[in-house]
Amino acid sequence: MGLLAQEVMPDEIRVDYTCLKKDLPSVIVDLSKKSDINISFDPNTLPSNKQVSLNATNQPVGAILNAILKGTGSKYKIIGNQIAITKDEFLEAEEIITISGYLRDSLSGEPLVFASIYTQEKFEGTESNENGFYSFSIDKGIQRVYYSYLGYNKTILELKLKKDTTVNVLLSPDAQLNEVLILDSNVDAIEPELFSGDNLPVDRIWSISSLAGESDVYGLVQMMSGVSTGADGFGGFNVRGGSYDQNLVILDGVPVYNSSHALGVFSIFNPNTIKSAKLLKGSFPARYGGRLSSVLDIRTREGSNKKVKGDISFGSIAFKTSLEGPLGKNGSSFMISARRTHLDLWLLKNISEFIYEISALTGRTDYHFGDFNAKINLMLGEKHKLNFSYYGGNDVLENNVARVSMFDGITTTETNVLDSEWGNRLLSIKLNSELSQKMYHNLTFYSSRFGLNNFDLQQFNTTTASTNSRTYTAGLFSSTINDLGVKSDFDYIPNSKNYIKFGLGYVRHDFNPGILGADHRDNLITGTIDRDTLSDILQTDEISGSEIYAYVEDEIRFSKDLRANVGLRYNLVKTESNSNHMFEPRLSLLYQNDNFHIKAGLSRMNQYLHLLSNGGFGLPTDVWLPSTDVLKPERSWVYNLGVGFKLSESVDVEIEGFYKNLDRVVSFSEGQLTDIGLTSEWQSVLPIGSGKASGIELNINKRYGNANIFANYTLSRSDRVFNNINEGEEFLFRFDRTHQLKFSYIQKINKNAEFSANWQWLTGSPVSLPKSVVTVFIDGNWVPIITFEGINLDRLPSYHRLDLGFNFYNTYSWAKQKFSIGVYNAYNKRNPFYIDVGTDNIIPTDFRTYQYSILPILPYVSYSLSF
């Protein structure tokens with residue numbers, strides 16, 4: 001096995017050559033002259049009667065030699081800058097040889113997932129799986145195999161293949177953590193994705209400017225085409241006209257129910273732990289299921305098995321730390337990381353008290369979130385690995401504000417309380433096994449838990465000299481989900497033309513959803529009103545269900561230019577007394593050449609879970625529900641068709657259209673608030689309808705060199721229809737954005753500095769604004785009532801924002817540092833968070849709208865140290 005330099009090899013020189021029934025030695029001599037390469041051979045070792053007819057245009061010399069020497073018992077080999085033809089030492093070997101092994105980072109030993117492995121002309125190729133394992137079947141003889149991974153130096157190995165062989169490869173990073181990554185198009189060739197989606201490079205996650213300078217995968221996801229957010233960036237992300245509950249978010253293969261902090265602004269994924277991230281927007285492979293619109297697949301690092309390393313960082317709103325290192329000398333490793341916001345410890349409470357005080361209020365606001373990740377990887381020999389992984393995170397939001405007013409002997413105290421807590425707990429145990437050179441197995445046991453508890457209260461206490469009265473409205477949103485699952489996944493690579501994945505799994509769901517609304521008119525509460533009071537009244541409806549699924553998919557390489565992924569997924573959803581059998585066909589096609597590609601796909605998707613959202617801002621009042629005998633699983637058909645062009649070595653353009661048909665979607669925020677509990681018939685009154693979304697996306701990318709530019713434009717529309725809402729008429733979905741224009745620029749100033757700018761402009765979200773006010777005679781009084789003509793007929797003002805940032809890197813003998821400064825919302829655009837509507841104080845028969853914005857211009861600074 002030889003490691004080759006990356007300059008052009010003698011057999012890679014391309015020539016044009018034509019001949020008709022010419023003897024073999026003469027053809028070899030002609031090729032030597034044409035290519036200006038010295039090709040040495042002994043005519044006595046070649047068959048004297050072999051006649052060659054050939055018409056080759058712009059073909060490598062090596063490919064021509066392989067063709068004309070086939071069946072002669074001779075092969076060529078490279079000696080320096082020359083080619084020598086010798087007797088074939090591989091005559092007795094099997095015709096097809098399998099090489100397999102693992103690709104790892106040379107510095108940390110981390111597996112490199114989804115790396116590319118291919119031959120010189122890319123007629124055969126494969127990729128490593130999520131554990132860095134690959135298997136590749138190619139012809140016997142001397143073969144040149146290329147190993148490539150984004151952000152790493154390409155490695156070329158020349159292998160003498162006489163029998164099945166294990167080849168483990170270490171790739172070296174182009175840049176270290178303290179350096180700016182500058183991609184070279186001659187080193188890293190990025191092929192078009194077979195599926196409709198985006199790879200999210202880790203270096204871009206760290207480079208892109210985000211709120212408060214917190215590097216976050218959400219910041220990059222939200223800059224992708226076809227992806228939108230709720231008002232002012234809140235509410236997580238929505239893909240191609242879907243809602244955020246229709247996104248399958250998985251962490252190391254385990255589904256996550258709530259993947260965001262701070263009302264959807266940040267993800268729960270600590271960037272220190274991320275190894276790879278991929279967003280799929282259409283033509284989903286069969287191994288993914290359970291959601292309708294997208295897949296965000298996050299894989300975390302295993303930790304260095306070479307040496308102990310760590311880092312500490314402190315930003316404008318949070319601090320982070322991580323530690324990793326080897327366990328013994330057999331390749332085992334560990335990694336732990338933690339993150340927590342710090343504003344509540346020294347600023348938020350005090351500043352909120354001050355703001356309330358100057359506004360004639362009393363009270364304070366408190367908010368914080370935190371994460372903890374832990375991972376242990378134990379090597380059980382060379383072919384087996386046991387992995388233990390844990391994630392825990394939560395958000396706590398408390399707001400307690402009171403206003404006291406006195407008029408004409410009457411004292412009124414208005415109290416507003418919001419008390420919320422929500423979070424995730426994930427635990428998984430995985431056994432990874434290399435069963436053979438062509439088969440890999442993952443066995444996973446996991447638990448995923450999500451819980452929320454949200455209490456809100458608005459109360460008025462009115463006191464006079466002789467009376468004391470109280471009016472109030474209160475609500476409690478409570479939801480707990482416990483999942484226990486097991487799944488068995490296989491990778492089978494029989495040859496270089498097929499990559500087969502198949503598996504099956506079982507998930508047990510236990511839900512405790514509960515929603516309770518109360519006010520002074522229902523006489524539910526006579527004493528103190530708080531979370532515990534409503535919790536004692538609310539009887540949650542315990543619902544259990546189970547899912548069984550199986551899938552098979554085959555990625556077929558028909559030729560160098562044509563690939564396909566064909567798959568089928570089967571789901572069995574068991575409710576209280578019914579079983580739902582669902583088959584989901586999947587198909588993706590990709591045709592490509594050097595400068596052009598076209599892709600197409602279709603997917604049938606089913607979603608067992610439903611999310612009832614009370615506003616769409618990612619607020620902690622969203623309740624997950626399972627499918628039941630009444631609530632059937634949601635369904636969708638997803639189609640996509642796209643073309644791409646390579647304008648130059650560093651610039652490519654892609655245009656892709658999509659269409660999505662949704663059925664059995666459940667509404668909550670578009671209708672009225674429904675009590676959910678053991679004593680209510682909530683399942684029968686929830687609105688169930690359908691929807692559709694369509695659009696076209698344009699992407700322009702300049703990936704290489706000192707300046708990286710990513711720009712995209714999306715034109716789309718998303719509608720919903722419910723029989724009992726809007727008089728059965730179609731209306732715009734609340735996350736519909738007709739136009740989206742996004743621009744991202746990263747300038748590599750030098751090896752140790754970079755500048756980034758992100759700008760986006762989006763059509764405002766649909767809203768329902770009143771058209772008039774009418775007065776109605778109620779209980780002896782004329783009461784003004786605001787009227788609406790329909791749902792979502794108006795829009796919020798357009799959303800746009802510019803973020804700027806600088807990153808500076810330095811290296812010391814003992815550590816590496818990164819210093820970041822920047823500004824969020826650089827020109828201080830007051831984007832609307834929501835619009836409130838009320839009657840006019842002066843003219844009761846008129847109304848007024850009030851726009852509220854919460855994220856002004858925000859400078860930031862952060863510092864990190866790795867050792």
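Colleague: How are helix α1 and helix α2 packed, and how far apart are their axes?
Modeller: In this predicted model, helix α1 (residues 24–35) packs with helix α2 (residues 61–69) at an angle of about 180°. Their axes are 11 Å apart. Because of that angle, α1 is roughly antiparallel to α2, the term used for angles over 145 degrees.

Colleague: Which residues of α1 and α2 make the contact?
Modeller: From α1, they are L24, V27, I28, L31 and S35. From α2, they are V61, I64, L65, I68 and L69.

Colleague: And by class, how many are nonpolar, polar or charged?
Modeller: The contact of α1 with α2 has nine nonpolar residues and one polar residue, with no charged residues.

Colleague: Let us step back. How many helices and strands are in the protein?
Modeller: The protein has eight helices and 54 strands. Of its 867 residues, 54% count as buried.

Colleague: What about contacts between residues at least 24 apart in sequence?
Modeller: Taking contacts between residues at least 6 apart in sequence, 66% join residues at least 24 apart.

Colleague: What does F266 touch?
Modeller: Leaving aside residues up to four places away in sequence, F266 touches L211, E214, D216, Y218, S259, S260, H261, I317 and F369.

Colleague: How far apart are Y492 and M439?
Modeller: They are 53 residues apart in sequence, and 4.5 Å apart in space from C-alpha to C-alpha. Not counting residues up to four places away in sequence, Y492 touches K438, M439, Y499, I500 and F502.

Colleague: Is S546 buried or exposed?
Modeller: S546 is buried: its relative accessible area is 9%, and buried means under 20%. This residue lies in strand β33 (residues 543–557). Residues up to four places away in sequence aside, S546 touches Y506, V507, L572, V573, K574 and Y608.

Colleague: A last topic, the backbone. What is phi of N58?
Modeller: Phi of N58 is near 50°, a positive value in a residue other than glycine. Most residues other than glycine have a negative phi. N58 is found in strand β4 (residues 51–60), and this residue is partly exposed, with a relative accessible area of 42%.

Colleague: And what is the phi of N828?
Modeller: N828 has a positive phi of about 55°, although it is not a glycine. Its place is in the loop between β51 (816–824) and β52 (834–839). N828 is partly exposed, with a relative accessible area of 34%.

Terms used: Residues are numbered from 1 along each chain as its sequence is written. This is a predicted model: local features need pLDDT of at least 70, side-chain atom pairs count only at pLDDT 80 or more; totals for chains, interfaces and linings use all residues. Side-chain values use heavy atoms; hydrogens and water are left out. Contact means heavy atoms within 4.5 Å. Helices (H or I, at least four residues) and strands (E, at least two) are DSSP runs, numbered from the N terminus. Buried means under 20% relative accessible area, exposed over 50%, partly exposed in between (1.4 Å probe, protein chains only). Axes are lines fitted to C-alpha atoms, for helices over the stretch in contact, and angles run from 0 to 180 degrees between N-to-C directions. Angles under 35 degrees count as roughly parallel, over 145 as roughly antiparallel, 65 to 115 as roughly perpendicular and the rest as oblique. Ala, Val, Leu, Ile, Met, Phe, Trp, Tyr, Cys and Pro count as nonpolar, Asp, Glu, Lys and Arg as charged, and the others, Gly among them, as polar.
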